[in-house]
Each structure stands twice: as structure tokens, then as C-alpha cells.
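The sequence and structure come first, and the details follow.

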Amino acid sequence: MLALSLSIGTTAGLAAASKLEHVGDLICTVGDQTPKAGMICVFRNKNTGLEETYQGSLSNAGGAKSVTPKRTLLWSVNAKPTVELKPGVLAQRYEAPESEQNNAKSVEGEVKPGVSLSLITDKNDDLSALATLSMELKLISAPT
């Protein structure tokens with residue numbers, strides 16, 4: 001009986017460790033679309049209130065529809081509890097998960113797969129633009 005309860009406790013612990021938690025918001029202002037749309041993003045950590053600034057780019061594979069330039073996109077930043085939220089944690093390339101290629105509303109990190117971004121606002125655009133979205137972020141400033 002003890003072995004069974006240990007097994008169940010371990011499984012529950014693993015499930016909790018793999019679950020993503022909301023850790024903050026990312027606000028991105030998209031510039032002109034010229035194969036890649038440049039953007040400036042601010043990440044606000046919900047636990048500390050500290051902000052980091054990122055320079056980024058959005059691009060679409062093939063002839064896919066583009067995200068409208070000169071607009072603001074709001075993303076929920078989600079991470080596994082095991083991810084350390086140190087400055088620059090969002091600096092990486094993101095792509096829509098294979099399971100959502102036809103109706104993507106989120107993108108996952110390539111280097112740190114425990115970090116994902118879920119689109120909160122996209123009032124005027126068709127979300128099919130995100131199905132082939134590739135996004136890259138580079139840290140340009142963080143509090144010291």
C-alpha cells in the first residue's frame with residue numbers, strides 16, 4: 001500500500017512540474033512588415049513587477065498571411081515552475097507547436113521549451129497568421 005501511495009505522489013508531482021504557470025505579460029509593438037516585422041517588447045514579471053525590454057522579429061513561413069504591422073500584441077508568458085526567471089529568460093526563438101499548426105494561439109520556445117507565449121489580444125487579425133509564425137526575442141535591457 002505504501003508503494004502505491006508513493007507512486008501516486010510521484011506521478012502527481014511530475015504532472016505539477018510539467019504544468020505551465022502564468023509568470024507575466026509581454027507587450028509587443030510591431031513595426032513595418034518587410035520580410036520580418038521588427039518589434040519592441042516589454043516583459044513584466046507578475047511576481048516582482050520588474051520589466052525587461054526585448055528587441056524582436058516576427059516572420060511567417062512561405063506565403064502565409066502576415067500579422068498586421070504597426071500594432072500592439074499582448075502575450076501571456078507561461079513557464080514551468082522549474083524555469084528560473086532570471087533576466088533574459090525570454091531571449092530565444094519561438095514557433096507554434098506542431099499540434100496547433102492550423103489554429104495556433106501560442107508559441108513555444110526552442111531553446112527553453114518550458115517557456116511559452118499565449119496570445120491574449122488579436123482583435124483585428126485572422127489568427128491563421130500565427131499558424132506558421134516564427135518569433136525571435138533578444139534582451140536589450142533589464143533591471144540590475
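## Terms and model

A residue is called buried when its relative accessible area is under 20%, exposed when it is over 50%, and partly exposed in between. The model described here is predicted.

## Salt bridges

Side chains of opposite charge can pair when their charged atoms come close. In the whole structure, a search finds three salt bridges.

One of them links Glu51 and Arg44, whose closest N and O atoms are 2.3 Å apart. Glu51 is partly exposed, at 36% relative accessibility. Arg44 is partly exposed too, with a relative accessible area of 43%.

Arg93 forms a salt bridge with Glu95, and here the closest N and O atoms are 2.8 Å apart. Arg93 also meets Glu110 in a salt bridge, at 3.4 Å from N to O. Arg93 lies in strand β5, which covers residues 93-95, while Glu110 sits in the loop between β6 (106-109) and β7 (115-119), so this pair ties together parts that are 17 residues apart in sequence. Through shared partners, the salt bridges join Arg93, Glu95 and Glu110 into one network.

How accessible are the members of this network? Arg93 has 31% relative accessibility and counts as partly exposed. Glu95 is partly exposed with a relative accessible area of 30%, and Glu110 is partly exposed at 43%.

## Gln92

Gln92 is found in the loop between β4 (71-79) and β5. Is Gln92 buried or exposed? Its relative accessibility is 4%, and because buried means under 20%, Gln92 counts as buried.

Which backbone nitrogen does the side chain of Gln92 reach at 2.9 Å? The answer is that of Val111. A polar atom of the Gln92 side chain also lies 2.7 Å from the backbone nitrogen of Lys112.

Apart from neighbours within four places in sequence, the residues in contact with Gln92 are Gly109, Glu110, Val111, Lys112, Val115, Met135, Glu136 and Leu137.

How values were computed:
Residues are numbered from 1 along each chain as its sequence is written. This is a predicted model: local features need pLDDT of at least 70, side-chain atom pairs count only at pLDDT 80 or more; totals for chains, interfaces and linings use all residues. Side-chain values use heavy atoms; hydrogens and water are left out. A salt bridge is a side-chain nitrogen of Lys or Arg within 4 Å of a carboxyl oxygen of Asp or Glu. Buried means under 20% relative accessible area, exposed over 50%, partly exposed in between (1.4 Å probe, protein chains only). Helices (H or I, at least four residues) and strands (E, at least two) are DSSP runs, numbered from the N terminus. A polar contact is a pair of N or O atoms within 3.5 Å; within protein, one must be able to donate a hydrogen and the other to accept it, and residues adjacent in sequence count only if both atoms are side-chain atoms. Contact means heavy atoms within 4.5 Å.
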